[in-house]
Structure formats: structure tokens, C-alpha cells
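Have the viewer open as you read.

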Amino acid sequence: MTKKEKYQLVENYIIENQNTLYRLAYSYVKNKENALDIVQESIFKSLKSIDQLNEIGYLKTWLYRIVINTSLDFIKKHGRMQAMDDDVLHSFMPEQRDVERDYDLYEAIDQLKEPYKTIIVLRYFEDLKIEEIAEIQNENTNTIKTRLYAALRKLRIKMEEKVEA
């Protein structure tokens with residue numbers, strides 16, 4: 001496959017899956033503008049390093065890995081303090097109680113350490129298979145299953161603490 005063909009495939013994939021890439025970045029930074037910056041940076045990185053994509057069948061996992069790594073780099077660079085979106089701020093308003101219940105879950109997920117948070121996001125929010133997560137994380141499937149179980153256990157403990165508080 002020529003480099004031009006790879007560019008075209010990556011471009012088509014990005015156009016078709018732009019919302020998914022944005023949602024993945026947003027799950028890390030919880031801010032629209034930062035998530036858009038991460039997606040833009042990820043697209044730049046993917047096109048710059050397109051020669052590293054040897055097997056086009058791994059395009060999805062390769063691109064997800066770039067978005068996750070770019071998100072984690074962003075958080076390291078800018079710290080945990082992030083501007084909160086208006087949508088999140090409105091979730092604290094009294095008339096949106098359903099959003100508040102979900103907010104507890106999102107907050108608990110956000111408190112998980114890496115790689116637990118990434119595994120939860122990829123499995124339950126992006127609906128990826130264990131094998132795809134293993135490819136993205138560059139781990140074997142048994143490691144991912146073990147970490148997923150541990151992440152769910154940690155998440156349950158955090159949610160129980162919130163209920164008791």
C-alpha cells in the first residue's frame with residue numbers, strides 16, 4: 001500500500017469516526033476545547049507517523065492509542081485542573097437530577113488511576129472488545145481482563161463510598 005493510499009484511509013476513518021475520537025478525548029479532559037485540541041494534535045501525529053502503521057487492519061487501535069497517549073500527555077502538561085464546561089456546570093442545577101446521578105459515576109471513573117480508567121472508558125463507553133483494548137494498551141488479553149476486573153472492583157468501592165457518604 002502506498003503512503004498516499006494510507007493517508008486516504010486514515011483521512012476517511014477520521015471523518016467517519018470524528019465523534020468517537022472526540023468523545024474519547026473528552027472522557028479524559030472533560031472540556032470541549034481541550035478535547036478538540038487533543039483530536040487535532042492526534043490527527044497531526046497520526047499523519048506524521050503514518051509510516052509506523054504497517055497493517056491497515058490495526059488502524060482503529062493505532063489511532064485510539066494515539067488519542068489516549070495525547071490525552072494523557074495533555075493532562076501531564078496541564079495538570080489535573082481543567083476548565084469545566086457549561087454542560088457540566090448545568091448538571092449541578094436542581095432541575096437536572098438525573099445528570100447528577102451519572103456525574104457521580106463519571107467522577108468515580110475519573111478518580112481511577114491509569115490504566116484502569118482507560119480500560120473502563122474503552123470497554124463501556126467506546127464498546128471495544130477485550131482484544132482491541134489489549135492491542136491499544138499493548139498488553140495481552142489476560143492482563144486486560146485482570147485489570148478490567150480490578151477496575152470494576154475499585155469503581156464499585158468508590159460508588160459504595162459515595163452512597164454511604
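D127 sits in the loop between α7 and α8 (130–137); helices here are DSSP runs of H or I with at least four residues, strands are runs of E with at least two, and both are numbered from the N terminus. Although D127 is a residue other than glycine, its phi is positive, near 55°. At 61% relative accessibility, D127 counts as exposed (buried is under 20% relative accessible area, exposed is over 50%, partly exposed is in between, with a 1.4 Å probe and protein chains only). K30 also has a positive phi, about 55°, and is not a glycine. K30 belongs to the loop between α2 and α3 and is partly exposed, with a relative accessible area of 22%.

There's a cis peptide bond too: it joins E114 and P115, with omega at about 5°. P115 is in the loop between α6 and α7.

## What kind of model this is

This is a predicted model, with local features needing pLDDT of at least 70 and side-chain atom pairs counting only at pLDDT 80 or more, while totals for chains, interfaces and linings use all residues. Residues are numbered from 1 along each chain as its sequence is written, and side-chain values use heavy atoms, leaving out hydrogens and water.

## The overall fold

The protein chain has nine helices and zero strands, which reads along the sequence as α-α-α-α-α-α-α-α-α. Of its 165 residues, 36% are buried. Take the contacts (heavy atoms within 4.5 Å) with a separation of 6 or more: 67% of them are between residues 24 or more positions apart.

## Aromatic pairs

How many aromatic pairs does a search of the whole structure find? It finds two. Rings of Phe, Tyr and Trp (its six-membered ring) pair if their centres lie within 6.5 Å; planes under 30 degrees apart are stacked, over 60 edge-to-face, and the rest tilted. Y22 and Y26 form a tilted pair, 5.9 Å centre to centre with 35° between the planes. These two tyrosines are four residues apart in helix α2 (residues 18–29), so about one helical turn separates them. Y22 is partly exposed at 24% relative accessible area.

Y106 and F125 make a tilted pair as well, because their planes are at 45°, with the ring centres 5.9 Å apart. This pair links distant parts of the chain: Y106 is in helix α6 (residues 97–111) and F125 in helix α7 (residues 116–125), 19 residues apart.

## Charges over rings

For Y64, that's K60, 6.0 Å from the ring centre; for Y124, it's R123, at 5.8 Å. The test asks for NZ of Lys or CZ of Arg within 6 Å of the ring centre and within 35 degrees of the ring normal.

## Buried spots and a loop residue

V10, in helix α1 (residues 3–16), is buried at 0% relative accessibility. Not counting residues up to four places away in sequence, V10 touches S46, L47, I50, L53, L59 and W62.

Q52 is in the loop between α3 (32–48) and α4 (59–78) and counts as exposed at 59% relative accessibility. Q52 and W62 are ten residues apart in sequence, and 9.4 Å apart C-alpha to C-alpha.

## The second largest pocketThe second largest pocket holds about 170 Å³ of space. On a 1 Å grid over the protein atoms alone, a cavity is a set of points where a 1.4 Å probe fits but cannot get out, whereas a pocket is an open set with protein on both sides within 12 Å along at least five of seven lines; lining residues have an atom within 4 Å of a point. Grid points are joined across faces, edges and corners, and the volume is the space filled by probe spheres set on the points.

Which residues line the second largest pocket? They are D37, I38, E41, K45, T70, D73, F74, K77 and H78. The elements giving two or more residues to this lining are α3 and α4, and α4 has the largest share, with five residues. By type, the lining has two nonpolar, two polar and five charged residues (Ala, Val, Leu, Ile, Met, Phe, Trp, Tyr, Cys and Pro count as nonpolar, Asp, Glu, Lys and Arg as charged, and the others, Gly among them, as polar).
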